[in-house]
Amino acid sequence: MNIQKILALDFDGCIVDSVLEALFVSYSSYRKYINRKTKIFDNKEPKIGDFLNLISNYPSQVEKFRYYRPYIKDASDYAAILYIIENKLKISSEEEFFKVKELIPRENLEKYYRYFYEVREMASRENFDAWARLTPGFSCIDKIRKLVDKYKTIIATTNNKYSIKDLLSGPYLNLNIKEEDIVDLHISTDKLVQMEYITRKYKVKFENIHFVDDNLSHLLKVKPLGVKLYLAGWGYCTEEQKIFAEKAKDITLLTGENVYQVLDSRLSRFVS
């Protein structure tokens, strides 16, 4: 069957609120390769089964981690957030953020990056229920579920499909998306490359892919392909990014309230 339209959803920041999971993984990696004597969380050892209890004593640090989440482009950027928190820096722009990241030795960052994904996999295997509690669905998950049940849906993520596939099952997110329909970091962490992969695998035109992501930079990167673009306004985007999307002619700003109505309208239109 030739699938004419595809809904491509980002995972973190679009389907699930994974800030606390990213905090667990990045803090574990930061302690090992960036600063073994960190003062963040008083350098207490992170344990997946007790992490929510640990961070409950440090609400300001958790709040700051969430505040800087919109600057993230790949996993290594989380180290910069922790460096900012550690050194009590104030960052007000993306340019300042990545200048701070340059202060971290590249060799350490590379080791941190590799370990980040190892920790994520180990945590999900060690105590899946505890790990899943760090990645709850957003409040609009019911509307996303209705779209998934009605239209062919692909997950386009920089995460690892083996870490998230079980989250899609009934007891957790209950999203009817097969493992084979998760395009993850094993294909590429570049969303442009992922979109190209989707056109080849599913024999669909770029203009018939409806791609939803909370990361504006990802949307802008795939824009030249002609993919239909949507900014997930409930995710980790800033107010400035939402305003940009509202003014842009080729990006639609979605909210938790209108996500089903807008996407159902666009996806149900006949393709000639």
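The structure is a predicted model, in which local features need pLDDT of at least 70 and side-chain atom pairs count only at pLDDT 80 or more, while totals for chains, interfaces and linings use all residues. Residues are numbered from 1 along each chain as its sequence is written, and side-chain values use heavy atoms, with hydrogens and water left out. Helices (H or I, at least four residues) and strands (E, at least two) are DSSP runs numbered from the N terminus.

- The axes of α1 and α3 come within 10 Å and cross at roughly 105 degrees, where axes are lines fitted to C-alpha atoms, for helices over the stretch in contact, and angles run from 0 to 180 degrees between N-to-C directions.
- Helices α1 and α3 are therefore roughly perpendicular to each other, given that angles of 65 to 115 degrees count as roughly perpendicular, those under 35 as roughly parallel, those over 145 as roughly antiparallel and the rest as oblique.
- From α1, Val19, Leu20, Ala22, Leu23 and Ser26 meet Val62, Phe65 and Arg66 of α3, a contact meaning heavy atoms within 4.5 Å.
- The residues of this contact of α1 with α3 divide into six nonpolar, one polar and one charged, with Ala, Val, Leu, Ile, Met, Phe, Trp, Tyr, Cys and Pro counted as nonpolar, Asp, Glu, Lys and Arg as charged, and the others, Gly among them, as polar.
- Helix α3 (residues 59-68) also packs with helix α4 (residues 77-86), their axes coming within 10 Å and crossing at roughly 135 degrees, which makes α3 oblique to α4.

**Helix α13 and its surroundings**

- Helix α8 (residues 141-150) and helix α13 (residues 259-267) have axes that come within 9 Å and cross at roughly 20 degrees, which makes α8 roughly parallel to α13.
- The crossing in which α8 passes α13 is right-handed, and the contact is made by Lys143, Lys146, Leu147 and Lys150 of α8 together with Val259, Tyr260, Leu263 and Asp264 of α13.
- Four nonpolar, no polar and four charged residues make up the contact of α8 with α13.
- Within α13, the residues Val259, Tyr260, Val262, Leu263, Asp264 and Leu267 are buried, where buried means under 20% relative accessible area, exposed over 50% and partly exposed in between (1.4 Å probe, protein chains only).
- The cover over the buried residues of α13 includes β1 (6-9), α8, β4 (209-213), β5 (228-232) and β6.

- Leaving aside neighbours within four places in sequence, Thr252 is in contact with Leu229, Tyr230, Leu231, Val262 and Arg266.
- His210 has its place in strand β4 and is buried, with a relative accessible area of 4%.
- The side chains of His210 and Tyr230 are joined by a polar contact of 2.7 Å.
- Not counting residues up to four places away in sequence, His210 touches Lys5, Ile6, Leu7, Ala8, Lys228, Tyr230, Arg266 and Leu267.

**Loop residues**

- Most residues other than glycine have a negative phi.
- Asn43 has a positive phi, near 60 degrees, in a residue other than glycine, and Asn43 lies in the loop between α1 (19-33) and α2 (51-55).
- Asn43 counts as partly exposed at 23% relative accessibility.
- Asn174, not a glycine, has a positive phi of about 55 degrees and is found in the loop between α9 (161-164) and β3 (182-183), where Asn174 counts as partly exposed at 41% relative accessibility.
- Lys44 is found in the loop between α1 and α2 and, at 38% relative accessibility, counts as partly exposed.
- Not counting residues up to four places away in sequence, Lys44 touches Tyr27, Arg31, Leu54 and Tyr58.
- Lys44 and Tyr230 are 186 residues apart in sequence and 40 Å apart in space, C-alpha to C-alpha.

Note on methods:
A crossing is left-handed if the near helix is turned anticlockwise from the far one by less than a right angle, and right-handed if clockwise. A polar contact is a pair of N or O atoms within 3.5 Å; within protein, one must be able to donate a hydrogen and the other to accept it, and residues adjacent in sequence count only if both atoms are side-chain atoms.
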